[in-house]
Amino acid sequence: MQNDNKNTLMFIVSAFAILIGYQFFVLGPQQRKAEAEARAKKAVAAQVASQPGVTLDANGNPAPLRLSRDVAKAASPRVPVDTPALSGSIALKGGRIDDLFLRKYAETTDKNSPPVELFRPEGAEHAWFADFGWAGANLPGLPDSRTVWTAAPGQVLRPNSPVTLTFDNGAGLTFTRVISVDADAMFTVTDSVKNNGTAAFQLAPYATVQRQGITEHLGKTQIVHEGAIGVLGSGKDQKLELNKYGKWKKDKPLTTFDSVGGWAGITDKYWLAALVPSQDQAIKAQYRMTAVGGTDVYDVNIVGPTQALNPGATLVQKTRLFAGAKTVPLLRKYEYNGQAPDWWKFWDDRKAEIPRFDWAVDWGMFSMFTRPIFNILEIFYRLVGNFGLAIMLLTVVLKLVLYPMADKSYESMAKIKKIQPEVEKLKAKHKDDPTKQQQEMMQLYAKEKINPMMGCLPMLVQIPVFYSLYKVLTVTIEMRHAPFFGWIQDLSARDPSTIFNLFGAIPWDPATAPLIGSFLGGPLHIGVWPLLYGFTMWLTTAMNPPAGDPIQQRIFQLFPIIFTFTLSQFAVGLVIYWCWSNILTIIQQYIIMRRYQVENPIDKIIARLQGKPASAT
């Protein structure tokens with residue numbers, strides 16, 4: 001029985017260590033390397049941005065065929081976009097939405113950081129834009145990317161102030177495009193075409209979101225989906241359709257879906273550009289990747305049904321475009337048309353205006369944990385105004401939910417630790433007869449009403465909770481740049497302090513040290529919170545019954561050191577959660593151990609400080 005308990009505990013701890021170790025030694029370094037390279041290229045690109053028509057290619061060399069952003073933007077006359085959330089412009093050449101910045105989000109936590117760029121014009125490196133129009137065979141003069149639309153002078157796109165673009169193809173067709181936007185992130189594009197001629201035509205409306213090349217770090221992390229995304233299908237058959245950048249290019253360069261309504265677009269970790277057709281309209285959606293001139297072009301498009309345009313008639317097509325940050329409350333507002341349901345109905349799509357729109361956030365396969373965890377965090381954040389405190393309150397809630405099981409577990413561990421001297425005597429008495437030793441121990445456990453397996457349950461339950469909170473901290477933009485207290489200004493990033501400069505007391509960045517800087521600023525970077533976590537883990541380990549095998553004892557003694565280094569690379573919000581969880585566990589264990597008069601390390605520490613023998617009473 002005892003060996004089974006030890007083996008189970010070792011399996012759980014080993015699985016947990018493998019999970020964290022894979023992130024620490026494989027995924028973490030890959031992500032940091034990609035981000036460092038991206039930052040370096042961005043810095044170099046900024047230095048040459050003043051040279052018209054010059055950016056860098058994928059190898060960091062000058063690429064004269066790529067325009068700088070400003071030059072690409074200047075290639076078309078424009079209508080400004082000015083809203084509380086967005087700034088930028090609409091290109092009259094092509095009638096595209098291709099120049100957007102997110103005013104409420106900065107690139108870094110620096111107070112002078114520029115806003116996040118979402119869209120950039122075609123011609124610039126890594127162009128990203130939305131395009132709309134009409135398709136049809138053998139039609140004269142359909143507007144395309146080269147068409148320059150007409151706009152009345154002085155127009156500015158603002159909430160409640162739409163702009164109107166027009167184009168006459170000179171062959172009997174007049175096109176009108178009315179673009180409106182709300183105060184957040186939703187554009188509405190209303191395209192109409194009037195037939196002033198004498199012949200009938202067949203037209204189909206389309207809309208597309210296109211990226212011309214992506215930065216190297218996109219699509220590299222396993223925990224976050226980046227690439228094509230949409231909810232497509234018909235009725236109850238609508239489902240989330242994903243195509244990550246790597247698979248999109250390699251395995252599925254063209255995927256087609258038949259859908260009634262739904263939505264589709266391209267997503268990064270925090271940002272989304274998604275097309276939303278009328279929810280009663282039958283469409284064909286495509287996730288398409290093509291190589292054009294050495295650039296991978298990623299394109300998500302929707303095409304409506306072909307319709308007859310008779311002489312004197314007008315066709316009208318309305319398509320919405322979400323272009324902004326994947327803020328969960330905002331996505332849910334659009335999902336339910338501003339009438340958010342009660343929190344327990346967030347999975348109910350029957351009243352949804354845009355089906356499952358909040359699934360643009362990558363909740364993952366543990367969505368039964370990640371979504372409720374985020375909902376609780378959001379409620380607590382509204383109460384206390386600090387996501388760090390919200391994480392701590394969430395920890396208390398989880399502890400209360402698990403209290404009955406945890407109480408039995410810690411009670412069992414306290415009893416096991418109390419009878420440890422008797423267990424050692426039995427081992428010595430029957431050291432040559434393992435069967436008899438096991439029988440005697442089982443009788444002892446039965447006599448003391450101890451269930452050794454109870455010690456594993458809290459750890460088993462906390463593994464999916466730990467992973468789910470890590471997922472929430474990683475994929476939700478609410479955690480991005482969310483401050484806690486003091487030096488913690490971003491709960492989604494690792495603790496920026498490090499022991500190698502005495503936590504900021506020495507004005508020196510250890511990452512700049514010759515030869516070993518990559519280690520001091522990487523795997524060896526240990527901040528205040530990871531050290532606090534290591535201490536609390538050591539204390540909880542010391543309060544548990546020792547493993548019977550000396551090798552297992554040594555392994556458990558090393559775990560606090562190993563996990564201190566490992567968790568130092570994780571989001572500091574996760575470390576705060578685990579550290580605070582350990583503190584609550586220590587308090588609970590201490591109370592139980594005092595109740596059963598079991599010797600514990602806290603009493604030993606207090607006794608040493610007072611200069612007297614330790615006592616559990």
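**Rings, charges and strands**

Tutor: Phe570 is buried, with a relative accessible area of 4%; buried means under 20% relative accessible area, using a 1.4 Å probe and protein chains only. This is a predicted model, in which local features need pLDDT of at least 70, side-chain atom pairs count only at pLDDT 80 or more, and totals for chains, interfaces and linings use all residues. Residues are numbered from 1 along each chain as its sequence is written, and side-chain values use heavy atoms, with hydrogens and water left out.

Student: Which class of aromatic pair do Tyr470 and Phe570 form?

Tutor: Rings of Phe, Tyr and Trp (its six-membered ring) pair if their centres lie within 6.5 Å; planes under 30 degrees apart are stacked, over 60 edge-to-face, and the rest tilted. Here the centres are 5.0 Å apart and the planes lie at 45 degrees, so the class is tilted.

Student: How many residues apart in sequence are the parts that this pair ties together?

Tutor: Tyr470 lies in helix α10 (residues 457–475). Phe570 belongs to the loop between α13 (550–567) and α14 (572–595), so the parts tied together are separated in sequence by 100 residues.

Student: Which ring lies under Arg211?

Tutor: A charge sits over a ring if NZ of Lys or CZ of Arg is within 6 Å of the ring centre and within 35 degrees of the ring normal. Arg211 lies 3.8 Å from the centre of the ring in question, that of Trp128.

Student: Which residue in β21 is the bridge partner of Leu275?

Tutor: Strands β17 (residues 271–276) and β21 (residues 314–325) pair in the antiparallel sense over 6 bridges; pairing requires at least two DSSP bridges, and strands are DSSP runs (E) of at least two residues. The partner of Leu275 in β21 is Leu321.

Notes:
Helices (H or I, at least four residues) and strands (E, at least two) are DSSP runs, numbered from the N terminus. Buried means under 20% relative accessible area, exposed over 50%, partly exposed in between (1.4 Å probe, protein chains only).
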